[in-house]
Amino acid sequence: MSLPSVHRDPALPERVTIYEVGARDGLQNESGVIPLDTKLAFVERLTAAGLPVVEATSFVRPRWVPQLADAADLVARLDLHGPVPYPVLVPNERGLDRALESGVTHVAVFASATETFAAKNLNSTYESQFAMFEPVVRRALDAGVKVRAYLSMCFGDPWEGEVAVDRVVAAGRRLLDMGVYELSLGDTIGVGTAHHVEVLLDAFAEAGVGLDRIALHFHDTYGQALANTSAALRRGVTTFDASAGGLGGCPYAKSATGNLATEDLVWMLDGLGVAHGVDLSALAQTSAWMAEQLGRPSPSAVVRALTAG
């Protein structure tokens, strides 16, 4: 059996957008240097598999994330004006400068809902990070570039513990008010549970934020990513970040394991009758190929099942 039986739930959205982060978030924490040609092939294969958005890389300082030191070279080899956008992360104005020089059309900034993670991930404070992002967002928008925002540690922080829902909403609204088109709420260490997801989404809705501007970014540390995705679907969220093959983690949060695997997400969506436009077979083959490049099995249960033998 290669596909799940479809049982459409009319209460769910008819279609969702999968925001593929494997080429950036999935690879950024790899210790061995991955050749540029391999990264390019990965992005191209993800595109060919039907992913509607493929985040390509990050213009961070190379000594922070050595794996992505070739960001400009990779972007130079992509079709930045084709039908599939290739967003890049930019941590500050210098990162934006490099991204604009490369001709990108989509960027993302990444903020923290907690003080400690802002210090460790951004070398900033919780409050000063917003002052850092304001000119980045403004200049990008002035240049005609779309801006997305990630908000990390929305469900828990390994240093601070539980993160208050109202703090997450306040931080998220500040980013949205800057003019970003979408806010991705990150369960950076994978501690979220289904009702926690519902409570957080309801709090954003009560604060006047339409869920069409919210995306979710789950890590599968405790095996809850699909359950959390299902809860968000039932609240009406239609954009989900995922990483091909379940690759990834966070170099500044050592307890974070891989992202929600795109194949596992696609399998669930197929069974629910929710459209997404991704070729599951092509995607699984791509992730199996990348696992070979990395020299270890794919973390994705669906990849392992579909490519066994």
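This is a predicted model: local features need pLDDT of at least 70, side-chain atom pairs count only at pLDDT 80 or more; totals for chains, interfaces and linings use all residues.
Residues are numbered from 1 along each chain as its sequence is written, and side-chain values use heavy atoms, with hydrogens and water left out.

Nine strands form an open sheet with parallel pairing, in the order 2-1-9-8-7-6-5-4-3. Its edge strands, each pairing on one side only, are strand 2 and strand 3 (57-58). Helices (H or I, at least four residues) and strands (E, at least two) are DSSP runs numbered from the N terminus, and two strands pair if DSSP finds at least two bridges between them.

Strand 1 (residues 17-20) is joined to strand 9 (residues 239-242) by 4 bridges, and the two run parallel. Within this pairing, Ile 18 has Phe 240 of strand 9 as its bridge partner. Strand 1 also pairs with strand 2 (residues 53-54) in the parallel sense, over 2 bridges, and here Tyr 19 stands opposite Val 53. From strand 1 the chain passes through helix 1 (residues 36-48) to strand 2, making a right-handed β-α-β crossover. A crossover is right-handed if, with the strands pointing away from the viewer, the path from the first strand over the helix to the second runs clockwise. Elsewhere in the sheet, strand 4 (residues 88-89) and strand 5 (residues 106-112) pair in the parallel sense over 2 bridges, with Val 107 of strand 5 as the bridge partner of Val 88.

Phe 240, in strand 9, counts as buried because its relative accessibility is 1%; buried means under 20% relative accessible area, exposed over 50%, and partly exposed in between (1.4 Å probe, protein chains only). Glu 30 lies in the loop between strand 1 and helix 1 and, at 15% relative accessibility, also counts as buried. The side chains of Glu 30 and Arg 296 are joined by a polar contact of 2.4 Å, the term denoting a pair of N or O atoms within 3.5 Å; within protein, one must be able to donate a hydrogen and the other to accept it, and residues adjacent in sequence count only if both atoms are side-chain atoms. Trp 267, in helix 9 (residues 262-272), is partly exposed, with a relative accessible area of 27%. Trp 267 and Leu 3 are 264 residues apart in sequence, yet 7.4 Å apart in space, C-alpha to C-alpha.

On a 1 Å grid over the protein atoms alone, a cavity is a set of points where a 1.4 Å probe fits but cannot get out, and a pocket is an open set with protein on both sides within 12 Å along at least five of seven lines; lining residues have an atom within 4 Å of a point. The largest pocket has a volume of about 160 Å³. Of its 13 lining residues, Asp 220, Asn 259, Ala 261, Asp 264 and Pro 299 are the closest to its centre. A volume is the space filled by probe spheres set on the points, with grid points joined across faces, edges and corners.

The search of the whole structure finds 3 cavities of 30 Å³ or more. Residues lining the second largest cavity include Phe 42, Ala 244, Met 290 and Pro 299. Helix 10 (residues 280-294) gives the most to this lining, with 4 residues.
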